[in-house]
Amino acid sequence: MKKIICLFTGILIAWSSFAAKQEADLLVYHCTIYTVDAAFSVAEAMVISNGKIVATGTKANLEKQYTCKQKLDAGGKFIYPGFIDAHAHFVGYGMSLQQVDLTGTTSWQDVLKRVKAFAAVNKEGWLTGRGWDQNDWAKKDFPTNDQLTVLFPDRPVLLERVDGHASIANKKALEIAGIKAGDKINGGEIIVNKPGTELTGMLVDNAVELVASKIPSVTAVQFKKALQAAQKNCFAVGLTTIDDCGLDYTVAEQINILQQAGTLKMRLYVMLSDAKKNFDWLDKNGIVKTDRLNIRSIKMYGDGALGSRGACLLQPYSDQPGHYGFLLSTPAHFDSVANFAAQKGYQLCTHAIGDSGNRIILNTYARYLKRNNDLRWRIEHAQVINQNDFNLFGSNSIIPSVQPTHATSDMYWADKRLGKEREKGAYAYKQLLQQNGWIPLGTDFPVEDISTFKTFYASVVRKDAKGYPATGFQTENALSREETLRGMTIWAAKANFEENEKGSLEQGKLADFVILDADLMKVAPQQLLGVKVVATFLGGEKVYGKP
């Protein structure tokens, strides 16, 4: 009788164990999973259901608890939370894919050659392009538009510098905009030749908009095509959320329509540009949050860029005596926007490059933040900081949002702009990290490449792809691999107030993850740029990779 009871009890326990199993959608196993939780723990399997992480652990234990409709053998590969780009221009990148690609040009003649080739295929309308950088040419001065006008006397042309803070226009485009030699504009520059009697076609910062505003708006079909092309490329490098830094509300509404229709799957954190029409829209709509779109922040523009000498400096440029750069708006304007954001509870994110630009924005923020807070107001780039101002980040809980590849792109000429002593406070990511204990990382694409691995490499190694400089660029400000991965995932999510829904692979969070063919935490530094994305998943759905 005792044997029968024991047998029955065993059957009952086994049946209860089987009956207690929960149904789920997907088991991912045979992999190394970096969860990026608080303990930076590693798992070998995870269960997903309804687009969210149910559990992580070992395959054996998870199979005891869950019955999964599908199983994915990850082939011994490495899994990370989906990468989050904390500062980029997703829409701008998509539009740039429809223009002349001028990245990597070696001279002004190379630029002209590419424009001619593009124009031969695209025969109507404005000719636009982006990506040239005179710092990459043997002749490092800004170009002039003489040859551009000869090539295209009757067709308007506007070609944007890589940083988005300067452009060159041909004579036709300048005529359409009504620009004449001697015209002035606040927060920008219309460059003329040395006698000061002729336009060179070069426009810096606010002056660019005088011409850009004349370019016809894209159609809904063109917009959709551009964003789908951008999305495809971003998924291919493991990006699952992107902060689009500076859009008008009308563009954000178009994005929402495409997302709701399922045409656009990319998750976007949209910062609305500093403009009254956008503030009015925010007043009417408040914070907008869906599973793919988050609108709760305002993007201000403090100064220009270092490469085009528009960044606002406390002392003159070392390579242009008497020139300090400039602010793009008045300090009074910055204060008024900060006041609006503080009263309404919106996040404020401000582009600031130069040490003067950063000081002005830091002090403006401080008047409203009043030391420790969780408002997460951000300074985008925080590129050149005076040593006396670093403490303003920590003492007022101001978040520096930085892009590591800026350091390795600018390192060839930054000392010429700043001088060696001032350069020590530039691209100082470790010093900035120490202020609050966390720092979000991004790329600023299309200013830089969209590659997540270039971001990781620049942050950790501080060299270019050829291994220059041999000892690294200001390596005292390199971040560790763990810090870098956190900056590209959970800290980027935190910068968006989204750390409870994404940024780590933990129970209840979105199943946004990327499978890589190598281990970012252990692969040799020189091999980081060769790491490949095997697959990208968004909410448990594969959006990139082989079927």
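## After helix α9

Gly262 follows helix α9 and has a positive phi, near 85°. Helices here are DSSP runs of H or I with at least four residues, strands are runs of E with at least two, and both are numbered from the N terminus. This is a predicted model, where local features need pLDDT of at least 70 and side-chain atom pairs count only at pLDDT 80 or more, while totals for chains, interfaces and linings use all residues. Residues are numbered from 1 along each chain as its sequence is written, and side-chain values use heavy atoms, with hydrogens and water left out.

Let's step back into the helix itself.

Which residues of α9 are buried? They are Val251, Ala252, Ile255, Leu258 and Gln259. Because they cover an arc of only 120° around the axis, they sit on the same side of α9; the arc is that of the directions from the helix axis to the C-beta atoms. Buried means under 20% relative accessible area, exposed over 50%, and partly exposed in between, with a 1.4 Å probe and protein chains only. The face turned away from the buried side carries the exposed residues Ile257 and Gln260. Covering the buried residues are elements including α3 (90-96), α8 (220-236), β12 (239-247), β13 (267-273) and β15 (293-301). Contact here means heavy atoms within 4.5 Å.

Is His87 buried or exposed? His87, in strand β5 (residues 83-88), counts as buried because its relative accessibility is 0%. Not counting residues up to four places away in sequence, His87 touches several others, among them Asp243, Lys299, Glu380, His381 and Asp444.

Leu441 lies in the loop between α17 (429-436) and α18 (452-460). Its relative accessibility is 1%, so Leu441 counts as buried too. Leaving out residues up to four places away in sequence, the contacts of Leu441 include Ile84, Asp85, Ala86, Val402 and Met488. Tyr429 is 12 residues from Leu441 in sequence, and their C-alpha atoms are 9.6 Å apart in space.
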